[in-house]
Amino acid sequence: MTATAAGTSLLVIGDVVTDIVARHHKPLAPDTDTSARIAVRPGGSGANTASWAARSGADVRLLARAGADSADWHRDVLRRCGVQPHVRVDPSLPTAVVIALVDAAAERTLVTDSGASVRLGPEDWDAALLEGAGRLHLSGYLFFNEPGRELAALAMAAARARNIPVSVDPASTGFIQQLGVRRFLNAVAGADLLLPNLAEARLLTGDPDPVRAAQQLSAAHGVAVVKLGGAGALVAERGKVTARVPAVAADAVDTTGAGDAFAGGFLAARLTGADLAGAAAAGCRTGAAAVSAVGGRPEYS
């Protein structure tokens, strides 16, 4: 199966989030104030990936769920990023919010209120979203609640029936641990490509070695691309590492969304015919662009 077997567009199913990014240059001080630069940014793993893929030239649709409090704003920003938004409005829950605490080394700690995104489910599905799609990409956050897992299973079955490949970004070691590694792996078994970071690859395999972890995941799914941050990425196919791609140098400001940006650049490159190593190099370029700015999205006008 090739990346463009069924079409040339990308359908992303995932989360839309309002990010509150607090950049503090000194350690957080308990029981008192810590100075920070604070910004409100559009975010969400699925929405970030869709936006970076669109910036990289792909035709992208996003299925997500938001609250009435900010759904219009998120739709507008997605359109300005080049994404076709299919954002369902939840009747009672507000849009998800993430507080990203970013330290002097640009590393982030996330505090998450999943809000309306936990209700994204089968009732939000429309098979017409797959028309012309060359790939279905699922944010890992979709798998951490029952409606999301049901939607993922429905969408994956529909994609397989049309010979459309499926990729998953595992997204969160914390939520995978809460769900359980075995349950998560069972839920994503239909994906032919996994895009974990190193911590996620280690958790999913139980192996601390990145090469062996990549090999194990690719043996189960066909392809695994393990994101190594400043060390680049490993590409593994059917149990063997086939490429080691170096990182692109960047002056890191905020690592929020770097993995999402990598996924967006990688998937867009695959849709235009790049091989796996070339796509991983494209992902490293978008990842470097992401860490050079505040928030997880590309610049938009």
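# A guided tour of the predicted model

Select Y300 to begin: with a relative accessible area of 30%, Y300 is partly exposed. The structure on display is a predicted model. In the chain, Y300 is located in the segment after α9, the helix that spans 276–291.

The crossing of α8 past α9 is right-handed. To show the contact, select A258, A261, F262, G265, F266, A269 and R270 on the α8 side. On the α9 side, the contact is made by L276, A279, A280, A282, G283, C284, T286, G287, A290 and V291.

## The helix pair α6 and α7

Select next residues 198–205, which are helix α6, and residues 210–221, which are helix α7. At what angle do these two helices pack? The angle is about 65 degrees, and the axes lie 9 Å apart. The crossing of α6 and α7 is left-handed. Helix α6 contributes L198, A201, R202, L204 and T205 to the contact, while α7 contributes P210, A213, Q216 and L217.

Center the view on T205, a residue of helix α6. Is T205 buried or exposed? T205 is buried, because its relative accessible area is 15% and the limit for a buried residue is under 20%. With neighbours within four places in sequence set aside, T205 is in contact with A213, Q216 and L217.

## Salt bridges around R65

Turn now to charged side chains. Side chains of opposite charge can pair when their charged atoms come close. Across the whole structure, a search finds eleven salt bridges. Select R65 and D90, whose side chains meet in one of them, at 2.9 Å from N to O. R65 belongs to strand β4 (residues 59–67) and D90 to strand β5 (residues 83–90), so this pair ties together parts that are 25 residues apart in sequence. D90 and R65 are both buried.

D124 is in the loop between β7 (108–113) and β8 (133–139), and R65 is in strand β4, so the pair ties together parts that are 59 residues apart in sequence. The relative accessible area of D124 is 5%, so D124 is buried; for R65, also buried, the value is 9%.

R65, D90, R119 and D124 are linked in a network of salt bridges.

## The pair D192 and R135

Another salt bridge joins D192 and R135, the closest N and O atoms being 3.5 Å apart. D192 is found in the loop between α5 (181–187) and β10 (193–194), whereas R135 is in strand β8, so the pair ties together parts that are 57 residues apart in sequence. How accessible is each partner? D192 counts as partly exposed, at 25% relative accessibility, while R135 is buried, with a relative accessible area of 6%.

## Helix α1

Select residues 45–55, which form helix α1. How many of the eleven residues of this helix are buried? Ten are, so the helix is mostly covered. The buried residues are S45, G46, A47, N48, T49, A50, S51, W52, A53 and A54. Following α1 is G57, which has a positive phi near 105 degrees.

Finish with two backbone positions. N163 is not a glycine, yet its phi is positive, at about 65 degrees. N163 lies in the loop between α3 (146–161) and β9 (166–169), and its relative accessibility of 38% makes it partly exposed.

R238, also not a glycine, has a positive phi of about 45 degrees. Look for R238 in the loop between β12 (233–237) and β13 (240–245). Is R238 buried or exposed? With a relative accessible area of 64%, R238 is exposed.

Terms used
Residues numbered from 1 in each chain as written. Predicted model: local features only at pLDDT ≥ 70, side-chain atom pairs only at ≥ 80, totals over all residues. Heavy atoms only, no water. Helix = DSSP H or I, 4+ residues; strand = E, 2+ residues; numbered from the N terminus. Buried < 20%, exposed > 50% of the residue type's maximum accessible area, 1.4 Å probe, protein only. Axes fitted to C-alpha atoms, helices over the stretch in contact; angles between N-to-C directions. Left-handed = near helix turned anticlockwise from the far one by under 90°. Contact = heavy atoms within 4.5 Å. Salt bridge = Lys/Arg side-chain N within 4 Å of Asp/Glu carboxyl O.
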